[in-house]
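Good morning, and thank you for making time for this presentation. Please keep the sequence and the structure in view while I speak.

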Amino acid sequence: MTQIIIDPIKRELLKNALVTTADNTLVRMIRTARTSNVKNSMDFSAAICDGRGRLVAQGLAVPVHLGVVMPALDACMAHFGEDIQPGDVLASNDPYSGCSHLNDIFTFRPVFIAGRRVAFVSLILHHSDLGGRVPGGNAADSMEIFEEGLRIPPVKLVRGGRADADLMRIIEYNTRVPERVMGDVRAQLAALEQAANEVEKMAGQWGADQFDAYLDSLIDYAEKLTRDSLAQLPDGEVEFEEWNDDDGAGHGPVRIHLKLKKHGGRIIADFSETDDDLGGAVHCNRAFTVSCAYAAIRTVLAEAIPNNAGLYRAIDVITRPGTFVDVLFPAAVGSRGQVGFRLRSIVLGALAKLIPDRLPACAGGSEFAIAASGNDGDGRRFLHLEFHNNTGLGGGPRSDGQDAGPYCIGNLANVPVELIEAENPLRIEEYGFLPDTGGVGQYRGALGMVRQYRFLVDNVNVQIRADRFTSRPWGLLGGGPGGGARNVLNPGQSDERDLPSKFIRVFNAGEVLRAEMAGAGGYGEARLRDPASLERDLLEEKITAAHAQAAYSAR
């Protein structure tokens, strides 16, 4: 075989073309999906792998999906072996086959050039309901995965370009809102087909040998840049821990511990001293823990590094089977997203000990999720699903935290109030910032947020997954913690009472749920805060005069 000389300019062009293809796939999903969780929240991710299943490019959307792409694809490839043909779509949602939780269906379509497999295109989509004991599938108190819905092992959802009608029918019969879910499934397959066509055309122009060689080079190049970027960080060994309020099944608080070791161009994240798993569905499998660690560490590396398998080669993640972050079959994992956001803050907390002059304090949020389902006034089944996994950034070395800003694990957008009310018998009575909840400091943390729901029909089954009620987002270098989270039933009424962080409850017409989400941590000592910033916060009603006096008077 003739040796292929890699042109770095052509490699960069190929990288950008692959990333654009992945992003185009997500745009197609926004335009064709049926559920608000997909088309508005954008709870999906796209990626491209080489013919051996190694990640070579990823699109925007949810970073924690991407570290799970290779384990899920590996399981599919191991099952089908040589029986992977043009026009096939491999699919799975099984956490014990490399995926993360049942709502996320991973799909992979191979790309062939002259009979040779040169790539896979991947699309991961959170489907709003796939059965299970509770609508939405995210119940925090489930004890076994069998309670959570339809479990799909590695299968061929499409064979030779034709969807498997029997499998599609099984999915349709295992969802409470089949019109919407099947619309999303069909949109997912159509977007995947278009992505495969784009990559096939691209690979055909390059030729199979050259395409393979450039993908190999792109992965090696990412590894080199990652190691170079890590080498610029100070060496050291640090420890950091946080506490999850509970595990959803009555046990807690749960200690999550990390020992982070950085030496030269390698970093090791060791979670093995985390508490043992005792049940519930808030914990996660190892693949998801690894993915969260990758995404958090990525934030301190050079922006120009391609997001592919080469980046992961310089990062080792250690877990101990049977712990809260490495659960064993048949544990339920439907609510694993909540601890995923906590893993993010733990990794970044440890990194902040190494580079405190570069990182902000802990982001806010209660890792809040709601699934509300019932029958509307016309007898139709509705299911409202939304996630609020952060409320804004912590104060940083040079500025206040960005209120309502995104963070590194997920880029989910909020669902517009108007859309919620148009599609569901719900009224959003309040959506906004909570004054005085940003962690105090030289640079204030982002404010917490409130979402208040009034239910307009009887018998609405509501499941809530939240946290940060007792373990508040931490500050840095003397900054204070963000305000804690809270769930309230019927606020301001005679029967007002606090609700737990995680619950399943039936709400009737006229009842109200108020969800208050935690603020972000502050950075630096409060006595160093600029008076002009205090005045601006007062003017914009981000803090009250009483809070300013109590928190910032010792100047």
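This is a predicted model: local features need pLDDT of at least 70, side-chain atom pairs count only at pLDDT 80 or more; totals for chains, interfaces and linings use all residues.

Gly161 touches Gly87 and Asp88, leaving aside residues up to four places away in sequence; contact here means heavy atoms within 4.5 Å. This glycine is found in the loop between strand 6 (155–159) and strand 7 (162–163). Helices (H or I, at least four residues) and strands (E, at least two) are DSSP runs, numbered from the N terminus. At 48% relative accessibility, Gly161 counts as partly exposed. On that scale, buried means under 20% relative accessible area, exposed means over 50%, and partly exposed lies in between, with a 1.4 Å probe and protein chains only. Gly161 and Ala22 are 139 residues apart in sequence, and their C-alpha atoms are 20 Å apart in space.

Residues are numbered from 1 along each chain as its sequence is written, and side-chain values use heavy atoms, with hydrogens and water left out.

Ser291 is found in helix 8 (residues 286–298) and is buried, with a relative accessible area of 1%.

The cysteines come next. A disulfide is a covalent bond between the sulfur atoms of two cysteines. The criterion is a pair of cysteine sulfur atoms within 2.5 Å, and a search of the whole structure finds zero disulfides. For Cys49, which is in no disulfide, the nearest cysteine sulfur is that of Cys76, 11 Å away. Cys49 counts as buried, at 0% relative accessibility. Cys99 is likewise in no disulfide, and the nearest cysteine sulfur, again that of Cys76, is 6.7 Å away. Cys99 counts as buried too, at 0% relative accessibility.

Now to the backbone. Most residues other than glycine have a negative phi, and most peptide bonds are trans. The peptide bond from Gly252 to Pro253 is cis, with omega near 0 degrees, and Pro253 lies in the loop between strand 8 (236–244) and strand 9 (254–263). The bond from Phe329 to Pro330 is also cis, with omega near 10 degrees; Pro330 is in the loop between strand 11 (315–318) and helix 10 (336–354).

Glu367 has a positive phi, near 50 degrees, in a residue other than glycine. Its place is in the loop between helix 10 and strand 12 (368–375), where Glu367 is buried with a relative accessible area of 1%. Asp436 has a positive phi of about 70 degrees although it is not a glycine. This aspartate is in the loop between strand 14 (426–434) and strand 15 (448–455) and is partly exposed, at 25% relative accessibility.

On a 1 Å grid over the protein atoms alone, a cavity is a set of points where a 1.4 Å probe fits but cannot get out, and a pocket is an open set with protein on both sides within 12 Å along at least five of seven lines; lining residues have an atom within 4 Å of a point. Grid points are joined across faces, edges and corners, and a volume is the space filled by probe spheres set on the points.

The second largest pocket holds about 360 Å³ of space. Its lining comprises 18 residues, of which Val177, Arg180, Arg381, Phe382 and Leu383 lie nearest its centre. Which element gives the most to this lining? Strand 13 does, with five residues.
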